[in-house]
Amino acid sequence: MTLLAHRIGIRGRHYLSRDKGERAYEVLKGQLEATTEGESLVLVFPPEQLVDSSFADESVVRLGEQILKGSFGERCIILDGLTEDSITNFKAVLRLRGIKLPFLAVESTGKWQVLGNLEASLLETLKLVHRKRKLTAADMVSQVGLAVNTASTRLKRLHNVHLVRREYEVSEKGLQYIYYWWQ
């Protein structure tokens with residue numbers, strides 16, 4: 001994000017205004033398109049930054065909406081190193097716009113959270129994917145005791161909002177989806 005800031009005329013660590021957010025969107029869109037299918041674009045924010053709601057809305061949230069629509073295939077964005085104030089601003093945009101668009105926000109310590117609305121059952125499933133790094137519906141059935149259709153539905157819903165990535169394999173038992181934590 002520091003390189004992006006210089007490219008669009010941001011001085012310091014303050015990511016402010018719709019105008020700069022619109023310019024950031026175009027750069028980030030190009031970076032996401034250049035990201036290999038099945039991988040994430042990690043946006044690393046500098047320490048002690050401030051991302052205001054206008055910038056967040058016009059850049060990252062707008063990009064997230066396009067990801068949900070399927071415009072970028074099997075790719076996602078991960079927000080790394082946001083301050084509490086920036087997190088508050090992202091959450092405010094998502095809440096005020098009333099969109100169901102969750103983002104993964106991570107810290108260098110490995111701690112993570114979801115910004116935006118995510119049902120408790122899906123959050124628990126996401127935590128399990130994070131712990132295991134790789135999960136199938138059959139794994140969930142054996143580990144959590146859910147019905148296979150419930151496990152499949154939860155994993156598919158996480159994939160639909162790009163909180164996990166998915167691959168598949170065909171075996172003598174048929175088609176099986178494997179869900180992974182983004183790297």
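Helices (H or I, at least four residues) and strands (E, at least two) are DSSP runs, numbered from the N terminus. The model here is a predicted one, where local features need pLDDT of at least 70 and side-chain atom pairs count only at pLDDT 80 or more, while totals for chains, interfaces and linings use all residues. Residues are numbered from 1 along each chain as its sequence is written, and side-chain values use heavy atoms, with hydrogens and water left out.

Let's start with the sheet. Strands of a sheet pair through backbone hydrogen bonds, either parallel or antiparallel. Here, four strands form an open sheet in the order 2-4-5-6, with mixed pairing (two strands pair if DSSP finds at least two bridges between them). Strand 2 (40–44) and strand 6 (112–115) sit at the edges, each pairing on one side only. On average, neighbouring strands of this sheet are turned by 30 degrees against each other, direction ignored. Strands 2 and 4 run parallel and are joined by five bridges; in one of these strands, strand 4, Asp-80 is the bridge partner of Val-44.

Helix 4 (residues 84–97) packs on it, touching strand 4, strand 5 and strand 6, and its direction makes about 30 degrees with that of strand 6. Helix 5 (residues 120–132) lies across strand 5 and strand 6, running at about 145 degrees to strand 6. Contact means heavy atoms within 4.5 Å; axes are lines fitted to C-alpha atoms, for helices over the stretch in contact, and angles run from 0 to 180 degrees between N-to-C directions.

On a 1 Å grid over the protein atoms alone, a cavity is a set of points where a 1.4 Å probe fits but cannot get out, and a pocket is an open set with protein on both sides within 12 Å along at least five of seven lines; lining residues have an atom within 4 Å of a point. Grid points are joined across faces, edges and corners, and a volume is the space filled by probe spheres set on the points. The structure holds one cavity of 30 Å³ or more, and the largest cavity has about 100 Å³ of space. Helix 3 gives the largest share of its lining, three residues.

The largest pocket holds about 250 Å³ of space. Of its 13 lining residues, Thr-136, Ala-138, Leu-175, Gln-176 and Tyr-177 are the closest to its centre. Strand 9 supplies the largest share of this lining, five residues.
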